[in-house]
Amino acid sequence: MERNPMRRQLQTMRKSLFDQGYLDDQFVQLEELQDDANPNFVEEVVTLYYRDSGRIILNIEQALERKTFDFNKLDAYMHQFKGSSSSIGAKKVKAESTLFREYCRSRNGEGCMRTFQQLKKEYATLRRKLEAYFQLARQAGPVETACRPK
Amino acid sequence: MAAQGRHGGKKSNKMTALVVDDNTVNRMIHHRLLDNLGIENVAVVNGKEAVDIHCSGKTFDLILMDMDMPVMNGIEATRQLREMGIRSMIAGVSTRSMEREIREFIEAGLDDYQEKPLTMSKLISIIHKING
């Protein structure tokens, strides 16, 4: 049982990210790549994700402003976005991406627009939660032993 | 992990790998996965760069090849590398799940295929095929 109260808070925060479906096992895979030589690996990957995927979000937004939707292009953008989201374990974001792609395939413009709004909400929510998590992790300091509850 | 490469004449026993992926996040993760296993690795951003790096004379024990990339995709790059006589282990890594698409990728000359995201256990299973 973690004695440090800040560490306990961090564990609780982490557990809720999984319990509430924001993250999946891929996030654990990233955590397992973190070590003394790369102590901030997860945060670095997540930062890179938000930087890169921000451009894709912008591309999709612009594509959805057009009078006629190019569903093939929208699908291609979302394929890229989903890939990155999947790589960091962003479970809800990935689910919305999948739904968006289904709407692209069925040429449903309204479905695309609706899903995209939901996707952006999930994307922003995850970002806020992860930023808070990483900030607390930095304050809590490094763990001496790897002891991560599943 | 010290392993004999598929290509002789290497000064080091360290295994080498080439990551071919246009996605920055995936390149970072694959690089770290390989680093963790002690595998020296280099990354390029599309199939053409993968072909070019081999044309420059470099070879690798393992190539992790993404499918969807601009300029030259993974299917075409795999085909060209095989036509060049490259016998490295080429593992396709993609988010594609349709059987037809995966089959086309495999038929281009892959030794293995893994669905993204790549994990340590998937990478180890690929490496066992090189050593086994």
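Start by selecting A:Arg107: just after helix α5 of chain A, this residue takes a positive phi of about 55°. Keep in mind that you're looking at a predicted model.

Now step back into the helix itself and select residues 91–105 of chain A. That's α5, with 15 residues. From first C-alpha to last, α5(A) reaches 21 Å, close to the 21 Å expected at 1.5 Å a residue.

Next, show side chains for A:Val93, A:Glu96, A:Ser97, A:Phe100, A:Arg101 and A:Cys104, which are buried. Turn the view to look down the axis of α5(A): the buried residues fall within an arc of 145°, so they line one face of the helix. What covers them? Bring up α3 (41–64), α4 (71–87) and α6 (109–140) of chain A, which are among the elements covering the buried residues of α5(A).

Time to move to the interface. Select the contact between the two chains: 17 residues come from chain B and 21 residues from chain A. About 1,500 Å² is buried between them, with carbon and sulfur atoms giving 60% of that area. On the chain B side, pick out B:Val25, B:Met28 and B:Arg32; these lose the most area to chain A, together 38% of what that side buries.

Polar contacts across the interface number seven residue pairs, both partners at pLDDT 80 or more.

Last stop: select α1 of chain B, residues 24–36. This helix gives the most to the side of chain B that touches chain A, with eight residues.

Definitions and conventions
Residues numbered from 1 in each chain as written. Chains lettered and ligands numbered in written order. Predicted model: local features only at pLDDT ≥ 70, side-chain atom pairs only at ≥ 80, totals over all residues. Heavy atoms only, no water. Helix = DSSP H or I, 4+ residues; strand = E, 2+ residues; numbered from the N terminus. Expected span 1.5 Å × (residues − 1). Buried < 20%, exposed > 50% of the residue type's maximum accessible area, 1.4 Å probe, protein only. Arc of directions from axis to C-beta. Contact = heavy atoms within 4.5 Å. Buried area = accessible area lost by both parts, 1.4 Å probe. Polar contact = N/O pair within 3.5 Å; in protein donor to acceptor, adjacent residues only side chain to side chain.
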